[in-house]
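Trainee: Could we go through this model together? I would like to begin with the pocket and then move to the sheet.
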Amino acid sequence: MHKSVSESRIEQIYQVRPEYLNGAGRLFGGKLMEWIDELAGLVGIRHAQCDVITASVDNLRFMRGAYLKDLIVLIGRVTFVGKTSMEVRVDTYVESLDGTRRPINRAYLTLVAVDSDGHPTEVPGLLIETEAERAEWEAGIRRREMRKQRREEGF
């Protein structure tokens with residue numbers, strides 16, 4: 001069985017509240033990381049149709065800050081699947097009141113599907129429908145190889 005990227009895509013919006021700010025008055029990076037991990041997990045559950053665990057986070061890149069009352073938009077989608085694992089890309093934006101979105105973060109997470117006993121279980125394949133999805137899939141293959149190499153080197 002294969003599932004399309006759009007079948008598990010999720011978009012979530014938060015507003016930055018005072019309790020989410022660090023001492024410099026910006027959105028606390030740990031809070032954004034929590035939101036990213038939560039969203040990626042939901043994308044993974046939608047794709048795998050079972051529980052998932054986060055195995056790794058790659059390329060968590062903070063491009064700019066976010067501030068009190070900013071609207072934060074997170075968009076997650078599956079970019080690559082293996083036998084029991086999935087790579088999920090989460091893009092984060094600040095959305096202005098006119099709807100303009102500026103990127104503030106991009107992250108890739110690897111999730112593993114698990115059965116009721118917590119053992120890895122197979123995930124559906126990914127149906128590639130666009131050239132952008134194909135490019136992301138091919139980049140996902142390279143990222144998987146880089147993760148494997150880092151593990152072998154002890155990173």
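This is a predicted model: local features need pLDDT of at least 70, side-chain atom pairs count only at pLDDT 80 or more; totals for chains, interfaces and linings use all residues.

Trainee: Which element supplies the largest share of the lining of the largest pocket?
Mentor: H3 does, with 6 residues. A pocket here is an open set of points on a 1 Å grid over the protein atoms alone, where a 1.4 Å probe fits, with protein on both sides within 12 Å along at least five of seven lines; lining residues have an atom within 4 Å of a point. Strand S3 (51-62), strand S5 (85-95) and helix H3 (131-152) each give at least two residues to this lining.

Trainee: How much space lies in the largest pocket, and which residues lie nearest its centre?
Mentor: The space is about 280 Å³, a volume being that filled by probe spheres set on the grid points, which are joined across faces, edges and corners. Of the 16 lining residues, Ser56, Thr110, Arg147, Lys148 and Arg151 lie nearest the centre.

Trainee: And the lining by class?
Mentor: The lining has 8 charged, 5 nonpolar and 3 polar residues. In this scheme Ala, Val, Leu, Ile, Met, Phe, Trp, Tyr, Cys and Pro count as nonpolar, Asp, Glu, Lys and Arg as charged, and the others, Gly among them, as polar.

Trainee: Now the sheet. What is the order of its strands?
Mentor: The order is S2-S4-S5-S6-S3 in an open sheet of 5 strands with antiparallel pairing; two strands pair if DSSP finds at least two bridges between them. Strand S2 (10-15) and S3 stand at the edges with a single partner strand each, so one side of each has no neighbour in the sheet.

Trainee: How many bridges join S5 to S6?
Mentor: There are 11, and the two strands run antiparallel. Glutamate 87 has threonine 110 in S6 as its bridge partner. The pair S5 and S6 forms a hairpin with 5 residues between the strands, and glycine 99 in the turn has a positive phi of about 95 degrees.

Trainee: Is S5 mostly covered or mostly open?
Mentor: S5 is mostly covered, with 10 of its 11 residues buried. Buried means under 20% relative accessible area, exposed over 50%, and partly exposed in between (1.4 Å probe, protein chains only).

Trainee: What about histidine 47, buried or exposed?
Mentor: Histidine 47 is in helix H2 and counts as buried because its relative accessibility is 0%. Not counting residues up to four places away in sequence, its contacts include Met86, Val78 and Pro124, where contact means heavy atoms within 4.5 Å.

Trainee: Last topic: where are glutamine 49 and lysine 69 found?
Mentor: Glutamine 49 is in the loop between H2 and S3, and its phi is positive, near 60 degrees. Lysine 69 is in the loop between S3 and S4 and has a positive phi of about 75 degrees, although it is not a glycine. Most residues other than glycine have a negative phi. Glutamine 49 is exposed at 55% relative accessible area, and lysine 69 is exposed at 61%.

Note on methods: Residues are numbered from 1 along each chain as its sequence is written. Side-chain values use heavy atoms; hydrogens and water are left out. Helices (H or I, at least four residues) and strands (E, at least two) are DSSP runs, numbered from the N terminus.
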